[in-house]
Amino acid sequence: MRERGRKNRTSATMLAGWKKAVVLMLALIVCISSVVVPQPEEVSAKQAAYLDYYGKDKPKNQIVFATSDDAKWHKANEGCCNVSKNNGTYNHYHCMKKKTVYAGEKFTIIPVAMFKNGVVVGSKNSKDGIKSGELKYKSSNTSIATVNAKGVVTVKKKGKCKITVTSIYDSQVKGTLSLTVSKGKQKAKITLKEKKASIVVGKTTTIKVKSFKGISNKNIAFSSSDKKVATVSSKGKVTGKKAGKATITVTSLINKKVKAVFKVTVKTADMIDTDYSEKGKGKIVLEENSVTLYPEKSFHKIYDHCGDAETLEYYTEDYISHDRFIGKQLLVQKEKYGQAQIRVKSITGVKSNAISYKSSNTSVAAVSSTGFVTPKKVGTATITVTSKANKKVQAKYKVTVKKNDMVLAVGFDMYDNIKYYVKKHEDGTIENSTLPVSTEFFSADKKVAASSDSADAITSNNKIIMTSSNKNVLRVTEDDRLEVIGKGSAVITLKTADGRWSYSWKVTVSDKQTSFAEYSTGFTTGRGIDEAREKDGWVTEL
């Protein structure tokens, strides 16, 4: 309960109490007269601008506060300053003690908690909080900085002063901010790396600051002129909500007169790069006029080379790195072949760029109002793109949906580093070491998935073709092994003969132990491979 006054007592009771207090105080002084115990709020000249209180390190009589421009406090705002409902104890308080600013800047002192004799008597998280009327503010030098009744500090000129915050109930409960004004008024400016961007609905872009000038700190806030079009996070991440335009304002927290503007245009995915003109012949031109897809549902039941089936979620959400590697490939294939986005290249000769979409067979392929195509089942459908301003102006988009018989993902011996070995035979010939790159298929078609187990069973479309970008380091042999030629690095590419799946990664050859990156079909580490080489007479140098 916050102390707001004193209860009436009789003179006799008060006198007795004072006598006892004096006796106890004298005894205490005798016991600890030779000991100096500094309070937590005492700050040496070398201490940082902040003071953190944890656990039992309770300030005795202290008002803990932050300031409105203090990014460090705001970042931890949700996780600190917590008062326990049971006994009024706290976890962590972060208090500002020193601050350096420039003339012309302004900030607000934010009270976080009040301590009386080491006990929390008020907190921003308690039921009744700390009310502004319960505190009084004072500047030691109003020519340097002033502070009003609401804790708003206005910086005037160069110099030093102290801002004191005191409880109206007890003058001993207070907090002090040492303020240094290091510079006079500056020509302040925030410069952004980019001033504008165009994004698709649902996508994001991040505003980045190139430089700050004439501002004492880099703490900023972001705001959107139209949250229905685009929202912005506290870190400047802009998310497109619907087609339209919005202005994101970047404001200095220490000097709110200093601002920068970022213009964002949000477009639907079909119109992101569309050129539009009322002039010319009425015409709609698409980026592509046809697409071949596979039923969207076929990407949700995946067979491995053993014939076992799992869901897409199993591979994308599983904690095992091998499964996540397969899951990443599945998502790439699904985005490429399990959906499509119609994109309009240009619209001319009509009074508006508004268009509509309609599928000739929704059971084969459905289309959204923004041209997103979802393949349903095997067959063909035609999507008609029509100008809303002139329904005679149209474009056609053909969708062919086939049975999903492709390789969706491949697990393989993904070497990260290969240890260099070489062998010299008795006849003087030099032999380079070779390593296999075994594969495991994952597919919506059970037979296709199983075909990776036997080279004879692999169809021509699903045969894996391997290439190396640097044959002086790694060469692909006729029997599809990697021959180690020399030290260095090479990019190895695997792809199916039909080109519907491919993957590239970098492999290094060095004196270090052989290792794998995200996947391997046999060994989990390369130590066993290296040990077998050395037992067989392979050496790292001749």
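A residue is called buried when its relative accessible area is under 20%, exposed when it is over 50%, and partly exposed in between, with a 1.4 Å probe and protein chains only. The structure above is a predicted model, in which local features need pLDDT of at least 70 and side-chain atom pairs count only at pLDDT 80 or more, while totals for chains, interfaces and linings use all residues. Residues are numbered from 1 along each chain as its sequence is written, and side-chain values use heavy atoms, with hydrogens and water left out.

The chain holds 6 helices and 44 strands, where helices (H or I, at least four residues) and strands (E, at least two) are DSSP runs numbered from the N terminus. Of its 542 residues, 41% count as buried. Among contacts in the chain with a separation of 6 or more, 66% come from residues 24 or more positions apart, a contact being heavy atoms within 4.5 Å.

We can now turn to charged side chains. Side chains of opposite charge can pair when their charged atoms come close. A salt bridge is defined here as a side-chain nitrogen of Lys or Arg within 4 Å of a carboxyl oxygen of Asp or Glu, and the whole structure contains 11 of them.

One of these salt bridges joins Asp69 and Lys99, with 2.9 Å from N to O. It links distant parts of the chain, 30 residues apart, for Asp69 sits in the loop between strand E2 (62-67) and helix H2 (71-75), whereas Lys99 belongs to strand E4 (residues 98-102). Asp69 counts as buried because its relative accessibility is 0%, and Lys99 is also buried, at 9%.

How exposed is Lys403? Lys403 forms a salt bridge with Asp445, the closest N and O atoms being 3.8 Å apart. Asp445 lies in the loop between strand E38 (439-443) and helix H5 (446-450), and Lys403 in the loop between strand E32 (394-401) and strand E33 (407-412), so the pair ties together parts that are 42 residues apart in sequence. Lys403 counts as exposed because its relative accessibility is 57%, whereas Asp445, at 13%, is buried.

A further salt bridge, at 2.4 Å from N to O, brings together the side chains of Arg475 and Glu483. Arg475 is partly exposed, with a relative accessible area of 36%, while Glu483 is buried at 12%. Elsewhere, Asp405, Asp498 and Arg500 are linked in a network of salt bridges.
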